[in-house]
Amino acid sequence: MSATIIDGKAFAAGLRARVAEDVRGLAERGIAPGLAVVLVGEDPASQVYVRNKAAQTVEAGMRSFQHRLPATTSQAELLALVHTLNADDAVDGILVQLPLPAGIDAQAIIEAIAPEKDVDGFHPANVGRLATGMPGLVPCTPLGASMLIDSVRPDVAGLEAVVIGRSNIVGKPMAQLLLQRSATVTIAHSRTRDLADVCRRADILVAAVGRPEMVRGDWIKPGAVVVDVGINRVPNPQAEDGKTRLVGDVAFDEAKEVAGAITPVPGGVGPMTIACLLANTLQAAKARRGL
Ligand SMILES: Nc1nc2c(c(=O)[nH]1)N[C@@H](CN(C=O)c1ccc(C(=O)N[C@@H](CCC(=O)O)C(=O)O)cc1)CN2
Ligand SMILES: [Mg+2]
């Protein structure tokens, strides 16, 4: 039987609408949440993401502040901008688009962002809050992925969850979110032995490795929920103009024949990232005002 395809695009649209409704309520009280997005350099994918972030921020009724800096920007200049945004009362959320150009220490930049404005949830204070079960700002991609899991499997207590990938942005926070919901969590990575066997145990399988279609159909337990966080551009032999196509970390056509539910790429977890960014900005705006 073919899996339920989890429509992240539709779920994200619903979440953005709920955020916009809440923002309208704040507007009646004279409050306009503001999100500052900083892009350093000209990475083409990052340019698209930043443009979409700004457009969706405005659509949700919030203020958008964009800062585009040349690739030659020094770490000191970027830190100075972050400090200015930390002190700016109109700014509730600060996001520095990753990856940053070589020569800038991303961790130093993340640590400079005021934790209460860290809508990416990457600051060690927010990482610690998540790890200890305290309220805080949660990284957008795993937060969105967990909402999609909730939509098809609301109770994961006692289930086996395998997260492939141990990045600070996705893998580790994803594992924390699943653990918070009492799943039995394994974090697998490039050094994991017998990865396919480990994956076959998973009732919930999250792939966040950045390797096109690495997870095959026969790695999946029948009926499992499969969440594909990968966004890989690969050559498209069908296109004559040399255009690429987008694939995930999961071989979708094989996996959908085995899984119970699966997120597609595109249109799965990806759209949830920006929707959750808006939700985090709203949360930060309310928290800063004690609401
Ligand atoms: N500071 C941050 N940098 C980066 C993050 C992040 O959360 N914070 N995540 C990614 C990029 N990203 C947002 O920044 C992002 C990735 C993908 C999507 C998305 O909507 N994907 C679509 C396909 C888009 C396409 O065609 O390329 C989908 O999967 O359907 C949105 C945001 C790295 N950097
Ligand atoms: Mg997707």
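Predicted model: local features only at pLDDT ≥ 70, side-chain atom pairs only at ≥ 80, totals over all residues.
Biologist: Into which domains is the protein chain divided?

Modeller: There are domain 1, covering 30-114, and domain 2, covering 140-271. Their C-alpha centres lie 28 Å apart.

Biologist: What makes Asp194 exposed?

Modeller: The cut-off is again 12 or fewer. For Asp194 the count is 9 C-beta neighbours inside 10 Å, so Asp194 is exposed. Asp194 belongs to the loop between strand 6 and helix 8 (195-200).

Biologist: What is the phi of Ser182, and what is that of Asp194?

Modeller: Ser182 has a phi near 70°, and Asp194 has one of about 50°. Most residues other than glycine have a negative phi.

Biologist: Which peptide bond is cis in the region of Pro99, and where does Pro99 lie?

Modeller: The bond joining Leu98 and Pro99 is cis, with omega about 5°. Pro99 sits in the loop between strand 4 (93-96) and helix 4 (106-112).

Biologist: What is the omega of the peptide bond from Val265 to Pro266?

Modeller: Omega is near 0° there, and the bond is cis. Pro266 is in the loop between strand 11 (261-262) and helix 10 (269-288). Most peptide bonds are trans.

Definitions and conventions. Residues numbered from 1 in each chain as written. Chains lettered and ligands numbered in written order. Domains from an automatic or database assignment. Helix = DSSP H or I, 4+ residues; strand = E, 2+ residues; numbered from the N terminus. Buried ≥ 20, exposed ≤ 12 C-beta atoms within 10 Å, placed from the backbone.
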